[in-house]
Amino acid sequence: MTYLHNIGAYFLMIAEMFRKPTKWSVMRQLILKDIDDLIIGSLGIIAFISFFVGGVITIQTALNIDNPLIPKYLVGFATRQSVILEFAPTFTSIIMAGKVGSFITSSIGTMRVTEQIDALEVMGINSLNYLVFPKTIALMLYPFAIAVGMFLGILGGMAACVFGGYSTLADYILGIQTDFDSFHVIYAFIKTFVFAFVLATIPSFYGYYMRGGALEVGKASTTAFVWTSVVIILLNYVITGMLLG
Amino acid sequence: MIEVKDLHKSFGDAHILKGITTSFDKGKTNLIIGQSGSGKTVFLKCLLGLFEYEAGTISYDGKIFSNLSESEKRDLRAEIGMVFQGSALFDSMTIAENVMFPLQMFTKMSKSEMEDRADFVLKRVNLPEAHNKMPSEASGGMQKRVAIARAIVNNPKYLFCDEPNSGLDPKTAIVIDNLIQEITDEYQITTVINSHDMNSVMEIGEKIVFLKNGLKAWEGSNKTIFKTDNASVTDFVYSSNLFKKVRKMYIEENE
């Protein structure tokens, strides 16, 4: 019953988020601040992880191809497919559920504990619109961060491939161009938009409706991370089935 | 003036407010007192519209809150200032930004007009040079004064304070009490303070509503509280030896 209640409360929160909008001059500042906190602030970790995971995918693929009949360009091909289809959109989103999600839950949860949300409500401000809506809009730029992740993942693969001596640069470039289907990138960005919405709203839900003190803020952050990850994995399955299946 | 008639509020099976009827006068510091668990905070949150209640009415200068449309409620809330127990300052903003926040949300003032107004109210609460500090850099007393400045910056008609003295040393508590009373008198605000600080009761309780087990057990002022023989009030207010002596001295002086 608790799960059903939470699902209902989550959708009511989404509906409430669009009611009684905050003044645009204030909202604009909030969105810019959230773009800085959630997107720009995450670029470093996305770049670092993408570059090295791209490298690891390349090394793993190269080491597992010991049949001389399999062409060397397959290393680049496999790296491109893995990074664009799964690593950049899905696994980066799981990492972001930890980074961005805990930040959102703990910042909103702390505002709840310290009565800052009550202060907004007393002033007649729709606190959900004020707190959650700008984060949702800011995270609509998340595909940009994922595009950076895709580029650096493939670049990291190339660096590992060439400097590790697993194949030539020409083979790797041939591999990343082979059988390129632009719909795969569109599919990845569709997933990313959906994950961005999940990343903004599920952690906000757990932060906004938490009760208690500092300990509960920590617990809410953990719960938010678990549920955000679960929902991302499930939606990944559903979207993949719908778009590629 | 705020009038409350037969207010009932429950949480599940727990009946918290059991039919409270009272009024809070304009230009006076009205105190709600009572033991922990007596329903003070629930009562205050009902007055603020943060809790919905099952029965009864709350009217602000004749306007019954539950009969107002959403936009009328929003307009009314813009006339309310609130000082929370923990100050509830927005910790991502500087002190000046906190004070300017209601102006930013509800007025069309230019940035310089807002800065002038923030400057004025911060001076009024004796914090002329705190503008650029973050709330975390301010002491508890300073945070309370900033919260008062934020509450009065938009010229509210109603000011609510939830235990404004909690966590403050006695000297700072008196400063805060006097500040609230001065502001109430100066701007003719209807001020409602939720407190269990007996110094506040004696100093600024121009009207006192005593709650016990969700009922109004007594109503009076800091003048009449010394003379009351209501056992619930005397048990609560004069529970310390110091206040027993103060009461005895007051009665002896006035006989």
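User: Which residues in H3(A) meet H8(A)?
Analyst: This is a predicted model. On the side of H8(A), the residues in contact are A:Tyr172, A:Gly175, A:Ile176 and A:Gln177. By class, the contact of H3(A) with H8(A) has three nonpolar, four polar and one charged residues. The residues that H3(A) brings to this contact are A:Gly76, A:Phe77, A:Thr79 and A:Arg80.

User: At what angle do the axes of H3(A) and H8(A) cross?
Analyst: Helix H3 of chain A covers residues 74-113, and helix H8 of chain A covers residues 169-177. Their axes come within 6 Å, and the crossing angle is roughly 45°. That angle makes H3(A) oblique to H8(A).

User: What is the handedness of the crossing in which H3(A) passes H8(A)?
Analyst: The handedness describes the sense in which one helix is turned from the other. For H3(A) passing H8(A), the crossing is right-handed.

User: At what angle does helix H2 of chain A pack with H3(A)?
Analyst: Helix H2 of chain A runs over residues 24-64, and its axis lies 9 Å from that of H3(A). The crossing of H2(A) and H3(A) is right-handed. By class, their contact has 16 nonpolar, nine polar and two charged residues. The packing angle of H2(A) and H3(A) is about 145°.

User: What percentage of the residues in chain A is buried?
Analyst: Chain A has 245 residues, and its C-alpha atoms fill a box of roughly 70 × 40 × 35 Å along the principal axes. A residue counts as buried under 20% relative accessible area. In chain A the buried residues make up 49%.

User: What share of the contacts in chain A with a separation of 6 or more comes from residues 24 or more positions apart?
Analyst: The share is taken over contacts in chain A with a separation of 6 or more. Residues 24 or more positions apart account for 87%.

User: How many salt bridges does a search of the whole structure find?
Analyst: One of them joins the side chains of A:Arg19 and A:Glu16, at 2.7 Å from N to O. A:Arg19 is partly exposed, with a relative accessible area of 38%, and A:Glu16 is partly exposed at 28%. Over all chains, the search finds 14 salt bridges.

User: Are A:Asp118 and A:Arg112 buried or exposed?
Analyst: A:Asp118 forms a salt bridge with A:Arg112, and their closest N and O atoms are 3.6 Å apart. These two residues and B:Lys45 are linked in a network of salt bridges. Both A:Asp118 and A:Arg112 are buried.

User: By about how many helical turns are B:Lys123 and B:Asp119 separated?
Analyst: B:Lys123 and B:Asp119 form a salt bridge, with the closest N and O atoms 3.4 Å apart. B:Lys123 is partly exposed at 48% relative accessible area, and B:Asp119 is partly exposed at 27%. Because they are four residues apart in helix H4 (residues 111-124) of chain B, the separation is about one helical turn.

User: What is A:Gly124 in contact with, leaving aside its neighbours within four places in sequence?
Analyst: A:Gly124 lies in the loop between helix H4 (116-122) and helix H5 (127-131) of chain A, and is buried, with a relative accessible area of 5%. A:Gly124 and A:Lys20 are 104 residues apart in sequence, yet their C-alpha atoms are 9.8 Å apart in space. The contacts of A:Gly124 beyond those neighbours are A:Lys20, B:Arg74 and B:Arg77.

User: What is the phi of B:Asp61?
Analyst: B:Asp61 is in the loop between strand S4 (55-60) and strand S5 (63-64) of chain B. B:Asp61 is partly exposed, with a relative accessible area of 38%. Its phi is positive, in a residue other than glycine, and is near 45°.

User: Is B:Ser87 buried or exposed?
Analyst: B:Ser87 is in the loop between strand S6 (80-83) and helix H3 (95-106) of chain B. B:Ser87 is not a glycine, although it has a positive phi of about 75°. The limit for burial is under 20% relative accessible area. At 2% relative accessibility, B:Ser87 counts as buried.

Notes: Residues are numbered from 1 along each chain as its sequence is written. Chains are lettered from A and ligands numbered from 1 in the order in which they are written. This is a predicted model: local features need pLDDT of at least 70, side-chain atom pairs count only at pLDDT 80 or more; totals for chains, interfaces and linings use all residues. Side-chain values use heavy atoms; hydrogens and water are left out. Axes are lines fitted to C-alpha atoms, for helices over the stretch in contact, and angles run from 0 to 180 degrees between N-to-C directions. Helices (H or I, at least four residues) and strands (E, at least two) are DSSP runs, numbered from the N terminus. Angles under 35 degrees count as roughly parallel, over 145 as roughly antiparallel, 65 to 115 as roughly perpendicular and the rest as oblique. Contact means heavy atoms within 4.5 Å. Ala, Val, Leu, Ile, Met, Phe, Trp, Tyr, Cys and Pro count as nonpolar, Asp, Glu, Lys and Arg as charged, and the others, Gly among them, as polar. A salt bridge is a side-chain nitrogen of Lys or Arg within 4 Å of a carboxyl oxygen of Asp or Glu. Buried means under 20% relative accessible area, exposed over 50%, partly exposed in between (1.4 Å probe, protein chains only).
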